[in-house]
Amino acid sequence: MHATTKLSDDLKYDLIVKRIEERGVKLEEIAEITLDLQKKYLPELTLDICMDHIKRVIMKREVQHAVLTGLELDILAEKGLISEPLSTLLKSDYGLYGIDEILALSIVNVYGSIGLTNFGYVDKLKPGVMKKLDNKSPDKKEVHTFFDDIVGAIAAAAASSVAHKYAESEAVVKAYEKEA
Ligand code: MG
């Protein structure tokens with residue numbers, strides 16, 4: 001029999017939020033990207049609602065594991081504890097490395113194809129706080145190679161969660177009602 005001991009969800013959530021904030025990003029800044037992604041479809045959407053969905057995303061185990069893994073690699077690279085050639089790939093945020101985006105996909109995958117679309121969009125535009133993290137200058141001290149994608153993926157996943165909850169178009173609702 002496996003042990004049935006279970007970590008409380010609150011404990012895990014608090015740890016992940018702490019790790020994100022220690023790397024210089026507040027959840028509100030991620031929620032702002034979510035609001036930006038969804039407000040054209042839902043004009044009444046508020047930052048508070050987006051924050052609720054950010055929290056919901058961070059409660060998911062897949063998301064927590066991606067955050068723990070990505071941030072750890074950024075921190076190890078920053079401290080010079082990763083061997084070459086990976087060290088240089090991570091420190092320079094090499095464009096063809098690509099594993100940072102792959103890790104972030106494990107976050108948006110939870111929300112299906114709409115998550116993927118939203119992530120592709122923020123990955124290209126790097127809105128809000130993502131821009132600050134996406135610093136490719138060679139003399140920078142911080143490494144955010146994984147973190148910028150993690151932030152974008154959490155924002156995109158929350159936007160998808162909002163869409164799944166609110167964005168049923170009137171036409172679709174009517175079509176279902178007609179057939180019901
Ligand atoms: Mg990156």
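Analyst: A residue counts as buried when its relative accessible area is under 20%. Asp-149 has a relative accessibility of 0%, so it is buried by that cut-off. The model is predicted, and each value below is computed from it.

Start with the ion. The protein donors of the magnesium ion are Asp-100 (OD), Thr-145 (O), Asp-148 (OD) and Asp-149 (OD). They lie 2.1 to 2.5 Å from the ion. Along the chain, the donors follow the spacing D-x44-T-x2-D-D. Thr-145 is buried too, at a relative accessible area of 1%.

Next, follow Asp-100 into its helix. Helix H6 spans residues 99–108, and its buried residues are Asp-100, Leu-103, Ala-104, Ile-107 and Val-108. Seen down the axis of H6, these buried residues fall within an arc of 155°, so they line one face of the helix. They pack against three helices: H4 (61–78), H7 (112–125) and H9 (147–166).

Take H4 from that list. Val-63 sits in helix H4. Val-63 is buried, at 0% relative accessibility. Leaving out residues up to four places away in sequence, Val-63 touches Val-57, Ile-58, Ile-107 and Ile-154. One of these, Ile-107, is among the buried residues of H6. Val-63 and Leu-105 are 42 residues apart in sequence, with 9.7 Å between their C-alpha atoms.

Now the nonpolar core. In soluble globular proteins, nonpolar side chains tend to be buried together. Here the largest nonpolar core has 49 residues. Ile-20, Leu-27, Ile-30, Val-151 and Ile-154 touch the most other members. Helices H1 (9–22), H2 (27–38), H3 (47–58), H4, H6, H7, H8 (129–133) and H9 each give two or more residues to this core. H9 supplies the largest share, 11 residues.

Leu-27 shows the contacts in detail. Not counting residues up to four places away in sequence, Leu-27 touches Tyr-13, Val-17, Ile-20, Glu-21, Met-51, Ile-54 and Ile-58. Ile-58 is also touched by Val-63.

Last, the open space. The largest pocket holds about 160 Å³. Its lining has 10 residues, of which Gln-38, Tyr-41, Ile-114, Thr-117 and Asn-118 lie nearest the centre. H2 and H7 are the elements that give two or more residues to this lining. The largest share, 4 residues, comes from H7. H7 is also one of the helices that the buried residues of H6 pack against.

Terms used: Residues numbered from 1 in each chain as written. Predicted model: local features only at pLDDT ≥ 70, side-chain atom pairs only at ≥ 80, totals over all residues. Heavy atoms only, no water. Buried < 20%, exposed > 50% of the residue type's maximum accessible area, 1.4 Å probe, protein only. Arc of directions from axis to C-beta. Contact = heavy atoms within 4.5 Å. Donors = N, O, S within 2.8 Å, 3.2 Å for Na, K, Ca; no water. Core = buried A, V, L, I, M, F, W, Y, C linked by side-chain atoms within 4.5 Å. 1 Å grid on protein atoms, 1.4 Å probe; cavity = no way out; pocket = protein on both sides within 12 Å on 5 of 7 lines; lining within 4 Å. Points joined across faces, edges and corners; volume = space filled by probe spheres on them.
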